[in-house]
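Take a look at the structure below. This short briefing goes through it topic by topic.

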Amino acid sequence: MSPTLTDANQSFADQTLADPSDGLAALEGRRSTAETYGIPLAVLAELTHRCPLQCPYCSNPVELDRGASELTTDEWKKVLSELAEIGVLQIHFSGGEPTARKDLVELVQHASDVGLYSNLITSAVLLTREKLSALADAGLSHVQISFQGNEPMVADRVGGFKGGHAKKLEVAKWTRELEMPLTVNAVMHRQNLHQLPDIIQMAVDLDADRLEVANVQYYGWALKNRAALMPTLEQIEETSRIVEDAQSRLKGILAIDYVVPDYYALRPKKCMGGWGRQFFNISPAGKILPCHAAESITGLEFESVRSNHSIAWIWQNSEAFNRYRGTGWMPEPCKSCEFKEVDFGGCRCQAFALTGDAGNTDPACTLSPHHDRIFKAAAEEAAGNHNRFIYRNFAGGTLEPVNDAS
Amino acid sequence: MPSGRNISVSETSRPKLPRHAKLKFDETRQVWVILAPERVLAPDEIAVEVLHLCDGVRSVAEMIDQLAAKYAAPREAIATDVVAMLQDLADKGFLAEAREKTP
């Protein structure tokens, strides 16, 4: 006998360097999952696009869902019940800022009642200790808090929210006091990468279980801000060295996941584990999406939980999911590429944003005919000194006042 | 409750799963899973059996005895495997120990 624990991990941000595991493959190993599209293990529920922070790299679409279009409490409850019924095991409550929803405790409780394991992905700035405690009592099992830096000067400027950093530190402490595991999510870019060693130490000091060092992915808001955010190649090489060193030094103390900036990789990331393959998310207004940026691709019709279709039907049959599933849709150079089932052609949203056609090879790939032109432009931006942010908001973005941008 | 990364599993440990690591039978896929922060682990049959014995009362030594009797296997080999599996879980932060003092 030799008892083993296979990692069936299926991080929704399945973009880590190692990408060691494929959740469904581990659980459904007896069948070929690549062709059957089993129901995902975990689903991201974006409860709202409302958020007190204005991070210039927000992963929400530039066209934000207004509060009035959000699913109601009862609609979300029905969705959670349906997800559990069809085999989803985990729910990630995200946003926007999910704690901006007044019914969050009720939704977490409902997730627990139907047997879903719940994670909260939050900026933390709206939480009180009472609220966090109520969430824990409702069955919340894990808290992930985003940090914009390791000290308020940089962090509060990036988030566009005064006092935010101090509040995050406080909520992180409450999380551990309430015996919930904590993940620190640090989104990195040219203007905060110098803080990475201090951010790693901050995560250790906060007694976090896990740190996600996530380089900005450049679509949506981040693409608008690319000139202010894009790191230099030297910064990235230094970052990789710092992360690798910390990973071995902190083994057993802090797990560190590293999301590489794909602009500087040779091959594109296996975005979302492949389009429609092991992940979907639900937008505030109830659209079922292959990734949280998918609505940026024009010309695709996404079905809603408000339609007459079941969630399972939408996952398996809707045109938007089947459009870029598997490898049949691929043009050259993907079509004849030996890596086509490794990265599934990379990111559809990035292909759309940078080439105008979501059906193209992700230009992050050096084999893409668009690669050289785009990445030369990005490298020039990285070397430049355009540091002013366009803050994320419902008005389509607001340029940072000149005196704050140093 | 001491939980997670600083636990050193020995035969005297009385481990149990913490609140944030849930052992559950996945009806859809007909397999046991451990649900943990943003992760799903797939324990094999014997690991599931070990985890069912982790109630915070039973010691690891008692679990090993029980498994050795059941499988008529050498105790030493079982002990090595069980401790390694539990330590792996502890290192990931997915194991807790019952409090030292009992009222």
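**Chain A at a glance**

Among contacts in chain A between residues at least 6 apart in sequence, 70% join residues at least 24 apart. The model is predicted. Buried residues account for 53% of the 406 residues in chain A.

**Overall build**

- Chain A has 16 helices and twelve strands.
- Its radius of gyration is 20 Å, close to the 22 Å that the globule rule gives for 406 residues, so chain A is as compact as a globular protein of that length.
- Along the principal axes, the C-alpha atoms of chain A fill a box of roughly 55 × 55 × 50 Å.

**The sheet**

- Nine strands of chain A form an open sheet with mixed pairing.
- Their order is E8-E7-E6-E5-E4-E3-E2-E9-E10.
- Strands E8 (255-259) and E10 (288-289) of chain A stand at the edges; each has a single partner strand, so one side of each lacks a neighbour in the sheet.
- Strand E7 (residues 210-215) of chain A pairs with E8(A) in the parallel sense, over five bridges.
- A:Glu212 stands opposite A:Asp257 in E8(A).

**The nonpolar core**

- The largest nonpolar core has 136 residues.
- Those with the most contacts inside this core are A:Val43, A:Phe93, A:Ala186, A:Leu211, A:Val213, A:Ile288 and B:Val82.
- Helix H3 (residues 75-91) of chain B gives the largest share of this core, six residues.
- Leaving aside neighbours within four places in sequence, A:Val213 is in contact with A:Ala186, A:Met188, A:Leu196, A:Val243, A:Ile256, A:Tyr258 and A:Val259.

Terms used: Residues numbered from 1 in each chain as written. Chains lettered and ligands numbered in written order. Predicted model: local features only at pLDDT ≥ 70, side-chain atom pairs only at ≥ 80, totals over all residues. Core = buried A, V, L, I, M, F, W, Y, C linked by C-beta atoms within 7 Å. Buried ≥ 20, exposed ≤ 12 C-beta atoms within 10 Å, placed from the backbone. Helix = DSSP H or I, 4+ residues; strand = E, 2+ residues; numbered from the N terminus. Contact = placed C-beta atoms within 7 Å. Rg over C-alpha atoms; globule rule 2.2 N^0.38 Å. Pairing = 2+ DSSP bridges.
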